Amino acid sequence: MNERQLRILRELGELGSVTAVAEALLMTPSAISQHLRLLQRSIPVPLTERDGRRLVLTDAGRVLAGAAIEVESALARARHCVDDFVGEPAGDVSVAAFHSAAATFFPVLLRDRAATAPRLSLADEDVAQDHFPRLTRDYDLVVAHHLAHTPPWPRTVTVTTLLSEPLDVALPAGHPLARETTLSARDVADQPWITVHDGFPLMATVDAVATAANRRLDIVHRVNEFTVVAEIVAAGGGIALMPRWTTRPHPALVLRPLTGVHAVRRIDVLHRPEQAARRAVRTVLGELRRAADTIRATDPTDPNPALP
């Protein structure tokens with residue numbers, strides 16, 4: 001028993017013939033008859049009977065046709081509720097982001113929100129790259145990082161790229177290499193390094209630096225949180241790759257572009273395709289894209305114009 005079968009039974013009771021029902025529902029008479037036969041299989045008593053050449057409802061058929069009206073009314077109310085939910089501009093939207101993206105984008109999302117804006121629920125999720133798509137089960141939008149050397153996102157998620165952000169070499173302000181405008185892999189290969197833990201995408205770029213320099217890097221610290229990395233670099237604990245636009249400025253830290261290595265990370269928003277049906281989700285996605293435009297509009301070619 002399904003909605004269409006009940007609708008056909010109801011129309012048969014009102015219109016009085018299979019031909020008339022077929023015309024009203026833009027179906028063939030044989031298709032109408034097939035649906036009625038399928039419906040009859042689920043009911044232990046006859047729903048229709050012959051009255052001359054006409055097929056009419058039995059008493060049981062009329063009872064079920066009356067119930068069909070209630071079913072259609074309930075379904076109409078359900079669809080209306082869904083339409084309201086999908087179209088609600090101030091609906092709830094959950095957003096997850098890895099740490100440096102959260103520090104950059106979350107304040108922008110929260111600043112000067114209108115009363116009619118979507119209600120946000122924000123969370124930090126610092127996971128290995130291949131775990132980000134799984135988070136779309138728990139959050140409406142997931143801000144994730146992706147490097148060129150790593151596998152593409154699965155086709156089960158929809159991807160919107162916010163930024164293609166350069167990864168620069170972070171140095172203490174007083175480091176001899178801080179006087180250079182750009183650095184090559186050979187320039188930095190003999191330095192002590194601070195990297196992320198194995199399994200996180202930034203390691204692919206660190207490995208590319210070692211390959212370009214044709215030597216193994218001396219990795220002395222493994223820290224995933226860039227704010228902590230910045231403090232370690234500033235204290236003279238080593239050098240690191242850090243994102244150019246989403247790194248918080250540090251008075252004892254300078255960033256220098258790396259040449260000869262494709263050191264860029266993408267910041268993407270992932271979501272399940274059906275989430276985009278909600279107006280509130282589309283609104284927050286638009287807010288993230290506008291925030292990214294503002295970030296990209298800052299000087300992308302010289303992160304530290306005033307050299308020491």
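The second largest pocket in this predicted model holds about 190 Å³ of space. Its lining is made up of 14 residues. Those nearest the centre of this pocket are Glu225, Phe226, Thr227, Thr247 and Arg248.

Six of its residues are polar, five are nonpolar and three are charged. Two helices, H5 (99-110) and H8 (226-234), each contribute at least two residues to the lining of the second largest pocket. Of the elements involved, H8 gives the most, supplying four residues.

I now move to a pair of strands. Strand S8, residues 192-195, and strand S9, residues 218-222, run parallel and are joined by four bridges. Within this pairing, Ile194 of the chain stands opposite His221 in S9.

Is Glu287 buried or exposed? Its relative accessibility is 16%, and because the cut-off for buried is under 20%, Glu287 counts as buried. What does Glu287 contact, once its neighbours within four places in sequence are left aside? The residues in contact with Glu287 are then Leu109, Arg113 and Pro118.

Terms used. Residues numbered from 1 in each chain as written. Predicted model: local features only at pLDDT ≥ 70, side-chain atom pairs only at ≥ 80, totals over all residues. Heavy atoms only, no water. Pairing = 2+ DSSP bridges. 1 Å grid on protein atoms, 1.4 Å probe; cavity = no way out; pocket = protein on both sides within 12 Å on 5 of 7 lines; lining within 4 Å. Points joined across faces, edges and corners; volume = space filled by probe spheres on them. Nonpolar A, V, L, I, M, F, W, Y, C, P; charged D, E, K, R; others polar. Buried < 20%, exposed > 50% of the residue type's maximum accessible area, 1.4 Å probe, protein only. Contact = heavy atoms within 4.5 Å.
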